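Have the 3D view open and follow along.

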Amino acid sequence: MTSQVSSAADEASETGDAVVGQQSAPLSGASEESGPGGSGAKEVRRLDRVIIRFAGDSGDGMQLTGDRFTSETASFGNDLSTLPNFPAEIRAPAGTLPGVSSFQLHFADHDILTPGDAPNVLVAMNPAALKANIADVPRGAEIIVNTDEFTKRPMAKVGYQTSPLEDGSLDAYQVHPVPLTTLTIEALKEYGLSRKEAERSKNMFALGLLSWMYHRPTENTEAFLRSKFAKKPDIAEANVAAFRAGWNFGETTEDFAVSYEVAPAEEAFPAGTYRNISGNLALAYGLIAASHQADLPLYLGSYPITPASDVLHELSKHKNFGVRTFQAEDEIAGIGAALGAAFGGSLAVTTTSGPGVALKSETIGLAVSLELPLLIVDIQRGGPSTGLPTKTEQADLLQAMYGRNGEAPVPIVAPSTPTDCFDAAIEAARIALTYRTPVFLLSDGYLANGSEPWRVPETHELPDLTVQFATTPNHEMADGTERFWPYKRDPETLARPWAVPGTPGLEHRIGGIEKQDGTGNISYDPANHDFMVRTRAAKIDGIKVADLLVDDPGGHARTLVVGWGSTYGPITAAVRRLRKAGQPIAQAHLRNINPFPANLGEVLKRYDKVVVPEMNLGQLATLLRAKYLVDVHSYNQVNGMPFKAEQLATAIEEAINV
């Protein structure tokens, strides 16, 4: 990837934007050429990729630290993928295993798909962070530990009888003992802060050290800190000082004899303007883009719930784009308001997670009956009930498919990556507006919180979603008079007309009681109910979606791996590993799950074995078996974490050999 990094630094200190395709990015050279810490002559090694995990208490600022390192990495031009992992509690008990918060970043000079299976570098801010993460760290990896926290009480709290820094249990790793707290306090002496206030900046010291270690740009982080703490300039300068002190420590200490370069991903992406973006942010932008392309106001009726709340937060910032957000008192009120906005002529959205979908189900059924466009955004998390609010899962598929009374089919769209959330939102809006139906958009916590580089599309690349509202009567009666029939359908899409309330002559009745075909009058006639139920089902079955694409180099594979949603990255990485080892494997990934692509049945029958990895107990596999009568091999995981590529590669290979 080529990038004009200088403009990125000037124009996008917080987003990590970069313009690609104009000139090569200047590489971070040896340590004497970059950074705030002066000069040195340490060895610089070139790497093709690195996986770093920051870990500490949920109050140690690990998410901010990881986010800033990610932003600098994005502006530098690397491909990247992130995995934030944090407890559900606002402030979990300090120094305990349940209170550990971590942020993993995988960045490379080539195209990558996942946050990585195991970290090459672990930054552990306390004993709990070390103990919670050491099992994931491979032998020979580097571990940077805050030695100030390895005292008797914090170690005893997590079950360490002796210090792991002294008992030989870490001999298989490259351990860098760094008194982060002490060094931070020393660096901030002149700022007149209390010890507690100074300690809070130790994450910035760690960020500075890692920024030196991997030659990350620094200007944007300093600008970010000054902006974030603009109302407290002393705190801002203290954090900048801690950040610089961390860089200088790496530059001068003998414990870090080597720094590393990871060049920009020069061939990973087509030319364009790129920025780092999370799944929830991409989804919010996709909804705004869809409303613009449809020339409709965007209305969000929502109740805050993890991990969907960020969509509400983001959309509330964009009133200038005709966005209205309503934070309701509960889930039912949120979707009720959204459905009312749809009746009024808006592109209506409600956001939630699994527990909220259960509460919204009756109103979703009402939307099916009213045949109005409505987007239900479900950012899935571990369940059932409250479950695992901050952990990921794909276990709402059957709820989205069948979780309503009566025959109430709803289309389902599932993004595959954080950046695909943008396009999936537009696709969901297209279906909702064209076919006058509620649509489920199934993301999950892994996509929502993870991030990767996104090419900002040109407006001419977006589809036209313009809607034609009904403006005149559409039916001529036997006596020649003209009437408006709210259920007189488009013969191609079976969509009913959309009449904005208040349009003269188009007054009509809506409600949950069954309506007569055409007229929309209340009807209890058995034959009419049968007809309406079948017609609504036929409308969903007839939705035009793209054919399923199959990645089968050479066309000789006998095993097909089918996925949906966020499993795309791990599955693709696993398939690449198997192909590199000589295994012919085909891969296909579903975005449209209801209706399925028209060619899906034919695709499945071409292969001897079909493997379906899912972060549930086999929900897509159940649907495929029922509809296509194929013997699907299901591989499942429900531990709140995404698949690892090596894990999937092993599972697929075992399925092949069964």
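How many bridges join S22 to strand S23, and in which sense do the two run? There are 6 bridges between S22 and S23 (residues 585-590), and the two strands run parallel. Before going on, some ground rules: this is a predicted model, where local features need pLDDT of at least 70 and side-chain atom pairs count only at pLDDT 80 or more, while totals for chains, interfaces and linings use all residues. Residues are numbered from 1 along each chain as its sequence is written, and side-chain values use heavy atoms, with hydrogens and water left out. Helices (H or I, at least four residues) and strands (E, at least two) are DSSP runs numbered from the N terminus, and two strands pair if DSSP finds at least two bridges between them.

Back to S22 and S23. Val561 sits opposite Gln587 of S23, and Gly563 has His589 as its bridge partner there. To get from S22 to S23, the chain passes through helix H18 (residues 568-580), a right-handed β-α-β crossover (with the strands pointing away from the viewer, the path from the first strand over the helix to the second runs clockwise). S22 also pairs with strand S25 (residues 609-614), again in the parallel sense, over 3 bridges; here Thr559 is partnered by Lys609.

Zoom out and you'll find an open sheet of 5 strands with mixed pairing, in the order S21-S23-S22-S25-S26. Strands S21 (550-551) and S26 (632-636) are at the edges with a single partner strand each, so one side of each has no neighbour in the sheet.

Why is S22 described as largely enclosed by the rest of the structure? Because 6 of the 6 residues in S22 (residues 559-564) are buried, that is, under 20% relative accessible area (1.4 Å probe, protein chains only). Both faces are covered: Thr559, Val561 and Gly563 are buried on one side, and Leu560, Val562 and Trp564 on the other.

Now for the helices. H20 (residues 619-628) lies across S22, S23, S25 and S26, at about 145° to S25. Helix H21 (residues 645-657) packs on the sheet too, touching S22, S23, S25 and S26, and its direction makes about 150° with that of S25. Contact means heavy atoms within 4.5 Å; axes are lines fitted to C-alpha atoms, for helices over the stretch in contact, and angles run from 0 to 180 degrees between N-to-C directions.

Finally, look at H2 (residues 62-76) and H7 (residues 202-213), whose axes come within 10 Å and cross at roughly 30°. H2 and H7 are therefore roughly parallel (angles under 35 degrees). Residues in the contact include Phe69 of H2 and Leu207 of H7.

Notes. Buried < 20%, exposed > 50% of the residue type's maximum accessible area, 1.4 Å probe, protein only. Parallel < 35°, antiparallel > 145°, perpendicular 65-115°, else oblique.
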